[in-house]
Amino acid sequence: MRAVIINEYGSKDVLVEQELPKPEIKANQVLVEVYATSINPIDWKLRAGYLKQMLDWSFPIILGWDVAGKIVEVGSEVKNFKVGDEVFARPDTTNEGTYAEFTTVDEDLLAKKPSNLTFEEAASIPLAGLTAWQCLVDNTKVKQGDKVLIHAGAGGVGSLAIQMAKHLGAYVATTASDKNEAYVKELGADQFINYRTQQFEDELSDYDVVIDTMGGDILNKSFQVLKPGGRLVTIAGQPDPALAEKHQVTASSYWLTPNGKQLSEIGELLEKGTLKPQVGHVFDFSVESLKEAHELSETHHAKGKIVIKVK
């Protein structure tokens, strides 16, 4: 099979194409022919070597942890899926990712692809969608009437998190650039903050929840908008315990757990049109396109999700 891999850590130029044998499935896995995958910050953070302490893998590494495609082979213990099923998944985090023509997925991480979505749209959902869902539902337990600040609402996670928070009954504020004001309001944001001209910490107060996707200063300033007893979760760093104590809030860092059952629930919301996929850019499956896609993701200014059409 064709795959785009890295044999060393470094800039986007370490991405190379290579012919590799198709991966072998275990009894609890299926082999998926990849129709589409998507780019997430984990891809280029791992490529650059930032995650090598946490994910100590040997080369070659196939990046990519989103997939939509068709099942072409089924392991002996797989009960609920068959050859020919159209599926999507956030596969397990291994060095055999999804920048390839075939990938293996554990049955418990699989979900049926929503019938109203293209493969490109379906590939945009799993990692960002599960991250948003687990931050809002499992971690901060957002409920009807909560005031929620979602940073970078036009991005991959943010654009899904706004829709989910509205579905849960929250009042949503979000930060974005002026060119994305109409876009985030269309997604459901009640209050827009232009991060270039406004300081969100001066504009907002008494919030129940902050979902931080940026880290750094933005994470530290986010404590100021929460009311006592508020909840903050970040996917971009470690919150300062001293700030959490000072503002009397709970704060945690989050790393998503792949989960096929939750992805099926998100799939139902997509089927109903409650949630809409946000594909901002589609690239073809080549080394040059993947380099370009990584470069775009690294700017932190991509609108919606960056998708790679493999087939």
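Which residue lies over the face of Phe102? In this predicted model, that residue is Lys22, at 4.5 Å from the ring centre.

The next topic is contacts between rings. A pair of aromatic rings is described by the distance of the centres and the angle of the planes. The structure holds three aromatic pairs. One of them joins Tyr9 and Phe59, whose ring centres are 5.0 Å apart. Their planes stand at 65°, and since an angle over 60 degrees counts as edge-to-face, the pair is therefore edge-to-face.

Tyr9 belongs to the loop between β1 (2–6) and β2 (15–19), while Phe59 sits in the loop between α1 (41–47) and β4 (61–62). The pair therefore ties together parts that are 50 residues apart in sequence. Tyr9 has a relative accessible area of 21%, so this residue is partly exposed. Phe59 is also partly exposed, because its relative accessibility is 33%.

Another of the aromatic pairs is formed by Trp57 and Trp65. Here the centres lie 6.1 Å from each other and the angle between the planes is 45°, an arrangement classed as tilted. As for solvent exposure, the cut-off for buried is under 20% relative accessible area. Trp57, at 18%, is therefore buried. Trp65 has 0% relative accessibility, so this residue counts as buried too.

Key
Residues numbered from 1 in each chain as written. Predicted model: local features only at pLDDT ≥ 70, side-chain atom pairs only at ≥ 80, totals over all residues. Heavy atoms only, no water. Phe/Tyr/Trp six-rings, centres within 6.5 Å; stacked < 30°, edge-to-face > 60°. Helix = DSSP H or I, 4+ residues; strand = E, 2+ residues; numbered from the N terminus. Buried < 20%, exposed > 50% of the residue type's maximum accessible area, 1.4 Å probe, protein only. Lys NZ or Arg CZ within 6 Å of the ring centre and 35° of its normal.
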